Amino acid sequence: MIFPLWQLGLMFLTGLAAGFVDSIAGGGGLITLPVLLSFGLDPRHALGTNKLQASFGSGSAAWHYAQAKTVPLRECVRGFVLTFLAAGAGTLAVQSLDPTF
């Protein structure tokens with residue numbers, strides 16, 4: 001799907017706003033998902049794009065905290081594993097749903 005230039009600019013600004021909201025309180029997907037869906041993206045692609053964006057944001061924050069020695073990574077292993085498993089289960093659930101739903 002090819003987007004017009006103005007839509008790419010709006011998506012970029014939406015990503016910045018969502019990243020800002022995520023950095024403060026979380027919930028940036030409540031900003032990005034409606035925009036992606038309103039531009040005609042398939043719901044599965046919109047969810048995947050949103051989760052990829054959120055993964056990079058969370059990953060960079062975790063990297064920053066680990067480098068600053070604020071969070072011991074050994075205490076985060078269980079959370080990482082459970083998050084990975086839940087993300088896999090959510091992916092399978094979304095793929096099995098009818099996109100028109």
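**Entry 1, overall layout.** Reading along the sequence, I found the pattern α-α-α-α in the protein chain. I counted four helices and zero strands; helices (H or I, at least four residues) and strands (E, at least two) are DSSP runs, numbered from the N terminus. The model is predicted, so I note that local features need pLDDT of at least 70, that side-chain atom pairs count only at pLDDT 80 or more, and that totals for chains, interfaces and linings use all residues. Residues are numbered from 1 along each chain as its sequence is written, and side-chain values use heavy atoms, with hydrogens and water left out.

I looked up the C-alpha trace of the protein chain, which spans about 45 × 30 × 20 Å along its principal axes. Of the 101 residues in the chain, 13% are buried; buried means under 20% relative accessible area, exposed over 50%, and partly exposed in between (1.4 Å probe, protein chains only). Of the contacts in the chain with a separation of 6 or more, 40% are between residues 24 or more positions apart. Contact means heavy atoms within 4.5 Å.

I took helix α1 (residues 5-24) and helix α2 (residues 29-38) next; their axes come within 8 Å and cross at roughly 160 degrees. That makes α1 roughly antiparallel to α2. Axes are lines fitted to C-alpha atoms, for helices over the stretch in contact, and angles run from 0 to 180 degrees between N-to-C directions. Angles under 35 degrees count as roughly parallel, over 145 as roughly antiparallel, 65 to 115 as roughly perpendicular and the rest as oblique. I noted the crossing of α1 and α2 as left-handed, meaning that the near helix is turned anticlockwise from the far one by less than a right angle, with clockwise for right-handed. From α1, M11, T14, A17, A18 and V21 meet I31, T32, V35 and L36 of α2. The residues of this contact divide into seven nonpolar, two polar and no charged. Here Ala, Val, Leu, Ile, Met, Phe, Trp, Tyr, Cys and Pro count as nonpolar, Asp, Glu, Lys and Arg as charged, and the others, Gly among them, as polar.

I checked A17, which lies in α1. A17 is partly exposed, with a relative accessible area of 33%. From A17 to G28 is eleven residues in sequence and 7.7 Å in space, C-alpha to C-alpha.

I found α2 and α3 packed at an angle of about 145 degrees, their axes 9 Å apart. This crossing is right-handed. On the α2 side, G29, T32, L33, L36 and L37 meet P43, A46, L47, T49, N50 and Q53 in α3. The residues of this contact divide into six nonpolar, five polar and no charged.

I compared the length of α3 with expectation: at 1.5 Å a residue its 25 residues should span 36 Å, and its end C-alpha atoms are 36 Å apart, which agrees. The expected span is 1.5 Å times one less than the number of residues. The residues buried in α3 are A46, N50 and A66, and the buried residues of this helix pack against α2. N50 lies in α3 (residues 43-67) and has a relative accessible area of 6%. Leaving aside neighbours within four places in sequence, I found N50 in contact with G29, T32, L33 and L36. Just after α3, K69 takes a positive phi of about 60 degrees.
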